[in-house]
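This report describes one protein model for a reader who works with coordinates. Please look through the sequence and the structure before reading on.

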Amino acid sequence: MLRQPFMVHALVAALLVGAAAPAVGVFLVQRRLSLIGDGLGHVALAGVAIGVLTRQQPTITALVAAAAAAVVVEFIRVRGHTNADVALAVMFYGGIALGVVLFAKASSADGMSIEQYLFGSILTTGADQLWQFALLAVVAVGATTIFRKRLFAVANDEEWARAAGLPVVATNLALSALTAVTVVMSMRIIGLLLISALMILPNATGQLLGRSFRTTTLWAVIVGCVCGFIGVASSWQFDTPPGGTTVLAAVVVFLVASMVHTASTVARVRAARRSGHPHEHHDGCGHDAVLHDDHVDYVHDGHRHTAAGVEEHR
């Protein structure tokens with residue numbers, strides 16, 4: 001498999017996508033905008049079609065289209081009377097319709113297939129695209145790492161962030177732009193219809209395995225890279241679409257992590273009952289929640305405890 005140059009390119013690209021998608025997606029989960037990747041993906045399809053039709057670089061035109069759509073959605077959400085769900089719906093239908101119409105004209109002359117971008121294709125990843133993937137991955141992972149605390153604060157509580165003097169609008173626009181970068185970067189491997197799954201599922205797994213926001217993000221990136229590698233390698237071995245195979249791998253990992261987490265939770269609850277601590281802390285447990293660094297503590301008997309009941313400090 002590794003003797004095939006295009007497979008090496010695809011595997012490297014899968015690792016880059018596996019790292020970038022969860023790193024950006026974790027903040028979308030915090031903002032409850034998990035499906036924005038789908039909306040931007042459909043607009044990016046129109047950008048790809050424009051690039052093919054005008055004989056421009058599809059990655060660049062898709063990035064411009066997705067970034068513009070991200071800015072418009074954020075503007076409507078903040079300034080307009082239409083809520084975010086309606087804006088995403090308009091973008092979904094308009095983007096995919098325009099993409100299909102334009103692709104029908106573009107593909108007949110250039111031999112491009114719309115399925116390659118919708119569901120991913122190993123054969124579309126060449127050496128000339130790798131530097132683009134690498135650059136976009138550095139931008140996405142680097143920005144989310146450097147501005148992690150600011151992005152977390154704004155995603156977790158916009159009102160508190162605004163009161164603290166943080167640039168909420170600018171931060172949200174930056175996150176939307178990073179989402180567009182991730183979507184365009186992922187379309188060759190995962191496909192525009194499935195990229196949102198890779199942004200969300202590893203983070204769902206990370207929430208089960210991590211004890212703080214930092215460790216949750218780290219686990220999500222690890223899971224994303226592993227699933228990306230497994231998905232591309234398996235798609236070559238079994239002749240299946242790489243996007244669907246990668247997402248199925250992420251689903252399997254999530255299910256396994258869920259079973260392990262459930263078993264671990266039951267064991268911790270039993271141990272806590274034996275030690276006199278009757279329950280774990282969680283939203284709605286009756287104790288005050290206090291933001292501490294990148295996670296939440298709960299005030300109990302004059303002490304701050306983590307969700308697992310471990311005492312932090314008085």
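## Basis

This is a predicted model: local features need pLDDT of at least 70, side-chain atom pairs count only at pLDDT 80 or more, and totals for chains, interfaces and linings use all residues. Residues are numbered from 1 along each chain as its sequence is written, and side-chain values use heavy atoms, with hydrogens and water left out.

## Overall make-up

Twelve helices and four strands are found in the protein chain. Helices (H or I, at least four residues) and strands (E, at least two) are DSSP runs, numbered from the N terminus. The chain has 314 residues, of which 47% count as buried. Buried means under 20% relative accessible area, exposed means over 50%, and partly exposed lies in between (1.4 Å probe, protein chains only).

Among contacts between residues at least 6 apart in sequence, 67% join residues at least 24 apart. Contact means heavy atoms within 4.5 Å.

## Aromatic cluster

The structure holds two aromatic pairs. Rings of Phe, Tyr and Trp (its six-membered ring) pair if their centres lie within 6.5 Å; planes under 30 degrees apart count as stacked, over 60 as edge-to-face and the rest as tilted. Phe27 and Phe213 make a tilted pair, 5.5 Å centre to centre with 50° between the planes. Phe27 belongs to helix H1 (residues 5-30) and Phe213 to helix H11 (residues 213-238), so this pair ties together parts that are 186 residues apart in sequence.

Phe152 and Phe213 also form a tilted pair, at 4.6 Å centre to centre and 50° between the planes. Phe152 lies in helix H7 (residues 148-156) and Phe213 in helix H11, so the pair ties together parts that are 61 residues apart in sequence. Phe27 and Phe213 are both buried, and Phe152 is buried as well. Phe27, Phe152 and Phe213 form one aromatic cluster.

## Helix geometry

Two packed helices are described by the angle between their axes and the distance between the axes. H7 packs with helix H9 (residues 168-186) at an angle of about 105°, the axes being 10 Å apart. This makes H7 roughly perpendicular to H9, a term that covers angles of 65 to 115 degrees. Axes are lines fitted to C-alpha atoms, for helices over the stretch in contact, and angles run from 0 to 180 degrees between N-to-C directions. Arg150, Leu151 and Val154 of H7 make the contact with Val168, Thr171, Asn172 and Leu175 of H9.

The 26 residues of H11 should span 38 Å at 1.5 Å a residue, and its end C-alpha atoms are 36 Å apart, which agrees. The expected span is 1.5 Å times one less than the number of residues.

## Loop residues

Most residues other than glycine have a negative phi. Asp239 sits in the loop between H11 and helix H12 (242-275) and is exposed, with a relative accessible area of 71%.

Arg55 also has a positive phi, near 60°. Arg55 is in the loop between helix H2 (36-53) and helix H3 (58-79), and counts as exposed at 63% relative accessibility. Gln56 is found in the loop between H2 and H3 and is partly exposed, with a relative accessible area of 48%. Leaving aside neighbours within four places in sequence, Gln56 is in contact with Gly51 and Thr61.

Definitions and conventions:
Angles under 35 degrees count as roughly parallel, over 145 as roughly antiparallel, 65 to 115 as roughly perpendicular and the rest as oblique.
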